Amino acid sequence: MTAVEALVEEQIVYQRPESLLEVPTHYCPGCTHGIAHRIVAEVLDELGVRERTIGVSPVGCSVLAYKYFNMDGAEAAHGRAPAMATGIKRVMPDHVVFTYQGDGDLAAIGIGEIIHTATRGENITTIFINNAIYGMTGGQMAPTTLPGQRTTSSVTGRDVETTGFPIRMAEMLAGMTGSAYVVRRSLHNVKEINRAKQAVRVAFQAQLAGLGFSMVELLSSCPTNWGMSAPEAMKWIEDNMVPYYPLGDYKVADAVQPLLKRK
Amino acid sequence: MHEEIIFAGFGGQGVMFVGQLLAYTALAEEKHVTWIPSYGPEMRGGTANCTVVVSDEPIGSPVCKHPSVAVIFNNPSLEKYEAMVTPGGLLVVNSSMMVHPPTRTDLEVVMLPATATASEIGDVRVSNMIMLGAMLIHRALVDRATVEHVLIEKLGTRKAHLQAINLTAFERGITLGQTQQASV
Amino acid sequence: MAVELLKGNEAIAEAAIRAGLEAYFGYPITPQTEILEHMARRMPDLGRAFIQAESEVASINMVYGAACTGARAMTSSSSPGISLMQEGFSYIACSEVPCVVVDVMRGGPGLGNIDPSQADYFQVTRSAGHGDFHAIVLAPASVQEAIDLMVEAFDLAEKYRTLVFVVADGLLGQMMEPAQLPPMKPVHKNRPDWALTGAVNREPNIITSLELNAPALEEVNLRLQAKLAEIRKHEQRWAELWTDDAKLVVVGYGMSGRIAQTAVKQARREGMKVGLLRPISLWPFPEKRLSTLADQVDAFLVIEMNAGQMVDDVRLSAGGQVPVSFYGRMGGVVPVPEEIYHEITTLYEKLTSGE
């Protein structure tokens, strides 16, 4: 080996996970869907389960998630991904089944499905993207829109007197006995992204161990509909969303505890 | 043979069960049969009733407006169904529960104190077997031995302790049916 | 297999199980709850999937999910529940996943009542959800036929990758009569190549009803329509009696067809040339046979437990060649043979007095 060859010898430090397809996504610049997709894909690669994973996409900005993940997938009706995933899991119990849902999908129209899926202890994993707004339909108020937050359907800012209060899903689903692992993480900086990935890994490991329902809520950005630059959006998550939606572990069933210690 | 029988009374009088027992017996004798719970026009209102059609031929409609036989367990059912029975049909009436006797003169009417007799035997709930026994004397749709056989089978081991009293009630119904000459 | 006295709903459930049903998802609603209860008793014992879902919306989406894996999956409900499932029907139709749905119809509209009805005819044959599609709709008139059609429903669903409805009314659901169940089939473990089974040594399979590109979605629709045309060509089913020389043919499906049979028989005894045609497939409607009969008969009389829904299909099939009359009862009221006989004689007198 010449000195030059030694210098250029490839050392792979970063690459596309096998669980993601080599295609451009339709997501806006500064949107954290790409990060969320990537950490899910990395975890599935690391767990070696891509070939037995079935993903269920929602209706919302990530409606086309099945076109980005390199695995079998279904596209559910709005809010019904947990029901569809339940149907899949019950006849394919050895497969890894996950839903990927936004806040309109999971916390509004599909709140019944997610609550009952959690309370049944359905052995699936849900990745919940909370960006406090309806993205795909162009920025309307979501069940997770913050008090005072301006959207196209709360033009002077969300008035809790008439529209009620934002729903904290992680806290709610943690209350379900069937939930094994319910946590909230954020994607607004590298440290939090790394912590989010660890949580996603635990969630899938809990499913592989047959421990019940697992959900990772990810505080996410929507610079386009928030009317901000990408850096501003990241800061907005930290300054406004994290205080209302505290990060943390809301439900870690006893059986899940050993998974936290294992690295 | 083609008979359309309505069994009607209060819930708890074993009306649905006795209709099903007749249906199971008809099947055991390879006859055509249908059993339906209370459906059809003018067949509602707080009482339990079922319609059984027994025939030698395949059965079209399982519902009927004018049954050929009505087995009546209580007074409200008499008020409702007496008028509906087809002329020349059979009316079997539990006289223990009647306020007014039947008034139709174009029917065969058999009156028997089924509830009182059932109490005498030891269980008011077996009045249904008494009514069935009496009915079969006047319309021999199925063989009484088959009824007994099917009854024992349906009670099974779990309810085997109810065999004796049900069979006794059935016998009493047959006797009552024979002594109660139908008035036409 | 012995002939047994079976209740319609339980026979439907057991027939589905014996046809190799792998997953049942449902929600209680009268008058079909015995189907759910039978599944609750039997499916777990057989190691098959059963869930009492939180709603009909969840039920149909669970069916959709299970069916995406190639498993035989079904749900059952009654009219108000079927309305709730319409979202799922549309998605299932577009993504061409085989599913079977039983509708034991009850009186409506709204909450209505729990008595027998056939008022979901338009819903199941015409408008089972948004978008252009039809499901195959089978309508049994006896407990035995319900058993046979349940088994066939799964075969048809898989053959055409389509949604199949088996529609009964509350009367058939609650009725007991002698019938014979088929032998038990195991669940089939061979999954079709389109199913979601994990992308092992193959490209991922995707099941979706989303196509954002208009010409591409038109292509999807053209493919669906071509399939529906095939179904329409090959799957028209009906039963008929005394039609050879009939001047008047009574048309009724399910229990109304069966009740009408008693009235038609009576009319025949009286020497009237009356026949009966009982559609078994409501979609595809037996239009070919109706159209042929329209050349022969002087009139049709349609009997339904609704305000007149299938009568439209009879009129379309008759193509204006002969008059089509209608007699129906609504709100859960079941017509009795006497009423239908009265309609037959009135109409028949009119037809023959004109000669």
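Which residue stands opposite Val250(C) in E14(C)?

Modeller: It is Leu301(C) that stands opposite Val250(C) in E14(C). Before going further, please note that residues are numbered from 1 along each chain as its sequence is written, while chains are lettered from A and ligands numbered from 1 in the order in which they are written. This is a predicted model, in which local features need pLDDT of at least 70 and side-chain atom pairs count only at pLDDT 80 or more, whereas totals for chains, interfaces and linings use all residues.

The pair of residues you asked about belongs to strand E11 (residues 248–251) of chain C and strand E14 (residues 299–304) of chain C, which run parallel and are joined by four bridges. Strands (E, at least two residues) and helices (H or I, at least four) are DSSP runs, numbered from the N terminus, and two strands pair if DSSP finds at least two bridges between them.

These two strands sit within an open sheet of five strands of chain C, whose order is E10-E12-E11-E14-E15 and whose pairing is mixed. Strand E10 (238–241) and strand E15 (324–328) of chain C stand at the edges with a single partner strand each, so one side of each is left without a neighbour in the sheet. On average, and with direction ignored, neighbouring strands of this sheet are turned by 20° against each other; axes are lines fitted to C-alpha atoms, for helices over the stretch in contact, and angles run from 0 to 180 degrees between N-to-C directions.

Two helices pack on this sheet. Helix H10 (residues 254–269) of chain C touches E10, E11, strand E12 (274–279) and E14 of chain C, and its direction makes about 170° with that of E12(C). Helix H12 (residues 310–318) of chain C touches E11, E14 and E15 of chain C, with a direction at about 160° to that of E14(C). Contact is counted between two residues if their C-beta atoms, placed from the backbone, lie within 7 Å.

Chain C also holds an open sheet of seven strands with mixed pairing, in the order E3-E2-E4-E5-E7-E6-E13. Its edge strands are E3 and strand E13 (281–283) of chain C, each of which pairs on one side only.

Between E2(C) and E3(C) the chain passes through helix H2 (residues 33–42) of chain C in a right-handed β-α-β crossover (with the strands pointing away from the viewer, the path from the first strand over the helix to the second runs clockwise). E2(C) also pairs in the parallel sense with strand E4 (residues 73–77) of chain C, over two bridges, and there Ala23(C) stands opposite Ala73(C) in E4(C). Both faces of E2(C) are covered, with Ala23(C) and Phe25(C) buried on one side and Tyr24(C) and Gly26(C) buried on the other; a residue is buried if 20 or more other C-beta atoms, placed from the backbone, lie within 10 Å of its own, exposed if 12 or fewer, and partly exposed in between.
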